[in-house]
Amino acid sequence: MDLHKLSLKDQLEGLKKSEFTSVELTSHYLKRISDHDEKFNSFITVTEENALIQAKAADERYKNNKSLPLDGVPIAHKDIFCTKGVRTTCGSKMLSNFEAPYSSTVYTKLDEQGMVMLGKTNMDEFAMGSSNETSYFGPVSNPWDTEYVPGGSSGGSASCVSAELAPIATATDTGGSIRQPASLCGLTGIKPTYGRVSRYGMIAFASSLDQGGVVARSAEDAALILEGMSGHDPKDSTSLKLPSPDLTKNLKNSIQGMKIGLPKEFFEKDMPSYLEQSIQEAIETYKSLGAEIVEVSLKNINLSLPIYYIIAPAECSANLSRYDGVRYGYRCEDPKDIEDLYMRTREEGFGAEVKRRILIGTYALSAGFYDAYYLKAQKCRQLVANDFTNAFESVDVILSPTTPGTAFKAGEKNDDPIEMYLQDIFTIPANLAGLPGISIPCGEHGGLPLGMQLVGNSLQEDKLLQFAHSYQSNTDWHKKMPNI
Amino acid sequence: MNENLNNWEAVIGLEIHVQLSTKSKLFSGASTNFGALPNTQACNIDLAMPGVLPVLNEEVLKMAIKLGTALSSDINSPTSFARKNYFYPDSPKGYQISQMDKPIVEGGYLDIETESGTKRIGVTRAHLEEDAGKSLHDDFEGQSGIDLNRAGTPLLEIVSEPEINTPAEAVAYLKSIHSIIRYLDISDGNMAEGSMRCDANVSVRKKGDLELGTRTETKNVNSFRFVEKAIQYEIERQVHEIESGNTITQETRLYDSQNNTTRPMRSKEYANDYRYFPEPDLLPITLEKDFIESVINGMPEMPNEKKERFVSKFSLSNYDADLLAADKDIANYFEEVVKISDSPKLSTNWIMGELSALLNNENLNIRDSKVSSDKLGQLVLRIEDGTISGKIAKDIFEKMWISGKEVDEIIKDEGLEQVTDDKQIEAMIDEVIKSNPEQLEQYRSGKDRLFGFFVGQVMQASQGKANPKQVNDILKSKLEK
């Protein structure tokens with residue numbers, strides 16, 4: 001049986017009904033990884049031995065009628081989530097030898113519900129990138145066409161789920177790092193409301209924007225696992241003081257009479273015709289499902305990219321100061337003195353994109369520039385958030401493309417960081433406003449998938465998933481998988 | 001350096017770092033105990049492991065509110081944290097979590113006693129921040145050791161206005177802050193262990209000048225005496241420099257207590273741009289009115305309140321009341337002694353005199369006194385009710401100190417009750433006069449100072465037990481005859 005063809009939900013059912021064991025399911029995926037991942041480089045570390053131990057334990061629990069909610073289902077974790085006893089690199093030379101002495105809340109929660117970790121997925125270094133080309137462990141390729149990038153920074157997570165080397169993977173999103181690779185790899189990726197998923201043990205890039213989530217093959221699968229990851233965590237002071245939401249309850253409800261907003265600022269942009277056409281078709285589908293389409297205005301939305309490229313680098317410049325070669329991680333050879341230790345450790349341990357952002361952030365926070373850059377960016381950020389608040393007074397969700405086009409070729413945008421940064425033009429606003437966003441496959445062009453994005457009001461992940469599931473119940477885009 | 005300092009005025013502001021006596025650290029659950037083996041009290045958060053996040057220890061909010069209330073300050077709500085960025089090996093995150101725009105305590109003042117009366121010193125702010133670890137440069141050949149036990153220990157930094165003008169005022173201010181934090185039980189204030197550290201910003205200007213001179217910051221001076229000496233040195237150094245035609249460099253200096261000098265630590269060329277920005281891992285904290293009120297309601301009587309009460313209730317002098325009230329433990333001890341002795345003035349003299357002397361001798365805190373407040377109260381009571389003389393009391397006190405016995409037990413065992421029977425005293429006096437005819441003759445012919453000789457003889461005859469006042473009176477009348 002091609003176990004990987006089953007949805008995660010069906011895999012869980014199958015385990016419950018003893019149609020197959022977790023060891024069988026896990027071994028099946030481990031074999032697929034060893035057979036195919038050479039082409040994609042989606043894993044940094046495969047935890048084969050550990051996975052089989054976890055799988056055996058799950059089977060044991062099934063046998064004794066003591067099974068856990070997500071028992072025995074495999075998952076891949078982005079290598080940004082600390083996992084005790086397993087190397088956590090964040091895609092960087094700086095942490096290439098780092099083994100965390102503790103586990104992230106996300107890992108712990110899913111582990112406690114019985115999930116089996118297959119390994120740690122590749123990513124842009126410290127989650128900075130949109131093509132997964134900045135990883136110290138080499139670029140990841142797109143399973144739809146290996147000459148193309150999978151997107152980033154959660155490129156490894158998207159690539160492995162798309163290649164069906166894992167049924168689902170955790171990911172993180174600071175400016176689009178879940179939704180953009182989901183879009184480029186034909187997957188469903190959801191970034192919840194800021195504060196839904198604990199950031200404890202999730203290595204920080206930009207603290208006020210980072211949020212954990214998943215890339216999955218359907219909204220239904222995503223709902224199941226996101227629910228298991230969410231909930232208040234006293235170890236994260238920015239975590240919302242709310243219990244984990246029930247994300248499957250409303251999943252199958254009709255969207256009849258609900259309203260979809262189309263931000264005119266997005267649709268005024270030059271868009272490739274294939275993209276415009278796919279989005280238009282998706283809108284027609286929603287209309288046919290009873291949704292009402294309304295034009296909305298997010299008048300400050302065009303400030304999003306510049307705001308993001310002040311705030312994210314500023315926060316990252318401080319967050320990455322701890323990598324100094326003193327306590328853990330990479331350390332340069334034979335430092336002359338402390339100054340030399342800092343300089344060479346960071347010079348040798350960080351890649352170019354990380355350095356670029358540390359420099360931008362350091363500059364933006366410097367005496368004499370703080371007011372003009374950081375403070376102004378924070379004020380503008382509030383304006384963007386206000387635009388969304390106003391829009392959600394009249395609509396349930398806001399629809400747009402997820403990315404400006406399908407995946408691009410590896411190396412294509414490496415000489416022009418601005419061109420690369422524009423990849424996130426549609427996704428960044430949700431991070432700035434702390435809102436939930438989801439990307440859903442809605443078409444293809446030249447053999448590559450493309451996605452649409454829905455952004456919801458604060459805490460309305462359930463509504464986003466309902467819209468996504470409703471669409472996926474009536475279309476097949478999410479079922480198309482690459483031939484690998 | 002013999003410039004005429006009288007032409008100059010010093011302008012001094014103090015930054016006092018107070019280590020708060022919480023059980024766990026400011027943003028982690030690790031213990032704050034002093035003196036543990038290096039790096040045994042540093043958890044993943046203190047080590048700044050990738051992915052860890054700070055969680056505020058809410059105990060510090062209560063402590064800061066108490067201090068702010070004692071200083072008549074405003075309590076800011078919301079109050080927020082900021083990152084102060086700098087690289088140093090004992091600062092594991094590469095930034096310190098501190099407060100910038102919205103410190104929890106803002107404004108306020110402290111009244112200090114100076115030679116020329118009470119002076120009000122303004123308090124600019126007091127903010128919460130985490131302490132750094134320690135770099136140990138001498139323990140390892142060619143290397144430095146890092147001990148992160150102290151990293152993340154909560155500090156309250158209290159910043160004064162530059163309204164202090166002499167080293168003595170600086171010490172009075174510092175002592176007053178010390179007294180307040182001990183009263184509030186928010187820090188042990190131990191300067192030798194670094195629980196209270198003082199940085200002094202000092203500049204000088206010609207008397208009458210309005211413009212401030214260039215200031216220097218002298219760091220981490222770890223005793224009251226050193227604060228006084230360091231500031232005095234710095235004032236004299238600056239005046240000397242200026243009068244020699246040099247200029248003062250704005251810099252951080254380190255006090256060297258062995259040679260009583262200050263020397264530059266780092267100069268302005270290396271001045272850090274700390275790039276403060278709001279700490280995104282901690283949301284601004286709203287302090288509810290009810291919460292603040294409940295904290296204030298739980299506050300103890302403060303030193304100045306206690307002093308006023310001692311003056312009005314016990315009729316003590318300002319000076320005595322100030323001395324007693326400055327230390328909470330001494331004040332408590334005093335009140336317990338008075339409860340039994342009912343004699344505030346005599347009790348004060350005993351505490352400040354005999355008791356202090358023995359405590360100092362053995363380097364003991366009053367809490368560890370070998371004579372408890374109850375026992376001292378009894379002793380003072382026995383002096384007051386005439387059972388023993390003050391002189392015998394001193395001997396008894398020393399015996400109590402060594403043996404731990406009660407005063408009455410010693411009096412009984414050694415038969416030390418004062419002789420107050422007129423007849424008995426008269427008999428002793430008669431005997432002394434009889435045995436010293438020569439001296440009597442001389443006294444009667446005008447040698448008044450021999451009176452002391454007779455008193456001494458009588459006291460000796462009574463083994464010191466005769467009531468001195470009665471001896472005086474009776475002797476006088478007998479000798480005049």
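Because the model is predicted, local features need pLDDT of at least 70 and side-chain atom pairs count only at pLDDT 80 or more, whereas totals for chains, interfaces and linings use all residues. Residues are numbered from 1 along each chain as its sequence is written, and chains are lettered from A and ligands numbered from 1 in the order in which they are written. Helices (H or I, at least four residues) and strands (E, at least two) are DSSP runs numbered from the N terminus.

**Confidence**

- The model scores ipTM 0.96 and pTM 0.89.

**Contact between the chains**

- Counting two residues as in contact if their C-beta atoms, placed from the backbone, lie within 7 Å, the contact takes 36 residues from chain A and 26 residues from chain B.
- On the side of chain A that touches chain B, the elements giving two or more residues are α10 (304–319), α11 (338–349) and α12 (352–365) of chain A, and α10(A) gives the most, with three residues.
- By class (Ala, Val, Leu, Ile, Met, Phe, Trp, Tyr, Cys and Pro count as nonpolar, Asp, Glu, Lys and Arg as charged, and the others, Gly among them, as polar), that side of chain A has 20 nonpolar, nine polar and seven charged residues.

**Domains of chain B**

- Chain B is divided into domain 1 (5–291), domain 2 (301–414) and domain 3 (422–480), with bounds that come from an automatic or database domain assignment.
- The centres of domain 1 and domain 2 of chain B, taken over C-alpha atoms, are separated by 36 Å, and the contact takes six residues from domain 1 and six residues from domain 2.
- Helix α2 (residues 167–184) of chain B supplies four residues, the largest share of the side of domain 1 that touches domain 2; by class, that side has three nonpolar, one polar and two charged residues.

**Helix α3 of chain A**

- Helix α3 (residues 48–63) of chain A has 16 residues and reaches 23 Å from its first C-alpha to its last, close to the 22 Å expected, where the expected span is 1.5 Å times one less than the number of residues.
- A residue is buried if 20 or more other C-beta atoms lie within 10 Å of its own, exposed if 12 or fewer, and partly exposed in between, with C-beta atoms placed from the backbone; in α3(A), A:Ala51, A:Gln54, A:Ala55, A:Ala58 and A:Asp59 are buried.
- Just after α3(A), A:Asn65 takes a positive phi of about 55°.

- The 12 residues of helix α9 (residues 373–384) of chain B should span 16 Å, and the end C-alpha atoms are 16 Å apart, which agrees.
- The buried residues of α9(B), including B:Leu376, B:Leu379, B:Val380 and B:Ile383, pack against α7 (328–341), α8 (344–361), α10 (390–403) and α11 (407–414) of chain B.
- In helix α5 (residues 303–314) of chain B lies B:Lys307, which counts as buried with 22 C-beta neighbours inside 10 Å.
- Not counting residues up to four places away in sequence, B:Lys307 touches B:Ala321, B:Asp322 and B:Ala325.

**Backbone features in loops**

- Most residues other than glycine have a negative phi, and most peptide bonds are trans.
- The peptide bond from A:Gly152 to A:Ser153 is cis, with omega near 5°, and a cis peptide bond with omega about 0° joins B:Ser77 and B:Pro78.
- A:Phe126, which is not a glycine, has a positive phi of about 50° and counts as buried with 32 C-beta neighbours inside 10 Å.
- B:Ser315, in the loop between α5 and α6 (318–326) of chain B, has a positive phi near 55° and is exposed, with 11 other C-beta atoms within 10 Å.
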